[in-house]
Amino acid sequence: MLRRVITKHAEPAEEIQEPDSSQIALTWSGEPGRLEELTHGMLLDQAERAAGALTRLGVRAGDRVAVHLPLVPESVIATLACGRLEAIRTTLPVSLTVPELVARTRESSARVVITADAAFWDGAVRPVKPLLDHALARAAAAGGTPVQKVLVVNRCSRPVSWKPNRDLWWHEALEGRTPACR
């Protein structure tokens, strides 16, 4: 768990130190010139809130959560949240094509997918959720088990298609505005 950091040359167990909650734990630099820093305290708080949101969506120990995010802080937060719940994090790289996403989502048997509205890379805004939507529709049409919920991280503030009762904004879910599931 992230709560403890072992010093580089610590030998006895009593030298385990709690990190200073105000120390920077994560620095992310994105496009265009966007910089985000999260302290240990902020990262732990976000992970706890994300774990709560996933719990409200019915995720339990051993369940799979698919993460279809670019390299953004929410990807780290999702990983920590899954660890708190002992859920299995499955990565769906944003570079996958629709047929590859269909196969990977079917293989994962994930109840919940965390994705982004879009992402900046190579100097352009690229769709993320639209590709996932297409893949989930294809998987459902082929008789696959449908994903129950899609948490959408707002990274680029672009209009995005929305499926009521399935799609939820990440930030609202972390604020506790997530309907219960199961």
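Visitor: What do the side chains of arginine 49 and aspartate 45 do?

Guide: The model is a predicted one. In it, the side chains of arginine 49 and aspartate 45 meet in a salt bridge, at 3.4 Å from N to O.

Visitor: How far apart are arginine 49 and aspartate 45 in helix α1?

Guide: They are 4 residues apart in α1 (residues 40–56), so about one helical turn separates them.

Visitor: And how exposed is each one, arginine 49 and aspartate 45?

Guide: Arginine 49 is partly exposed, with a relative accessible area of 31%. Aspartate 45 is also partly exposed, at 36%.

Visitor: How many salt bridges does the structure hold?

Guide: There are 9. One of them is between glutamate 36 and arginine 155, whose closest N and O atoms are 2.8 Å apart.

Visitor: Are glutamate 36 and arginine 155 buried or exposed?

Guide: Both are buried. The charged end of arginine 155 also sits over the ring of tryptophan 28, 4.7 Å from its centre.

Visitor: What about arginine 166 and aspartate 133?

Guide: Their side chains meet in a salt bridge too, at 2.7 Å from N to O. Arginine 166 is in the loop between β10 and β11 and aspartate 133 is in helix α4, 33 residues apart. Arginine 166 and aspartate 133 are buried.

Visitor: Which residues do salt bridges with shared partners join into one network?

Guide: Arg34, Glu36, Glu74 and Arg155.

Visitor: New topic. How many residues of strand β10 are buried?

Guide: 5 of its 5, in residues 149–153. Lys149, Leu151 and Val153 point one way, while Val150 and Val152 point the other way.

Visitor: Why two ways?

Guide: In a regular strand, side chains alternate between the two faces of the sheet.

Visitor: Which strands are joined to β10, by how many bridges?

Guide: Strand β7 (residues 112–116) is joined to β10 by 5 bridges, and the two run parallel. Strand β11 (residues 167–169) is joined to β10 by 3 bridges, also parallel. Leucine 151 has isoleucine 114 as a bridge partner, and leucine 168 in β11 as another.

Visitor: Last one. Which residues of helix α3 are buried?

Guide: Val98, Leu101, Val102, Thr105 and Ser108. They cover an arc of only 140° around the axis, so they lie on the same side of α3. What covers them includes β5, β6 and α4.

Conventions:
Residues numbered from 1 in each chain as written. Predicted model: local features only at pLDDT ≥ 70, side-chain atom pairs only at ≥ 80, totals over all residues. Heavy atoms only, no water. Buried < 20%, exposed > 50% of the residue type's maximum accessible area, 1.4 Å probe, protein only. Pairing = 2+ DSSP bridges. Arc of directions from axis to C-beta. Contact = heavy atoms within 4.5 Å. Lys NZ or Arg CZ within 6 Å of the ring centre and 35° of its normal. Salt bridge = Lys/Arg side-chain N within 4 Å of Asp/Glu carboxyl O.
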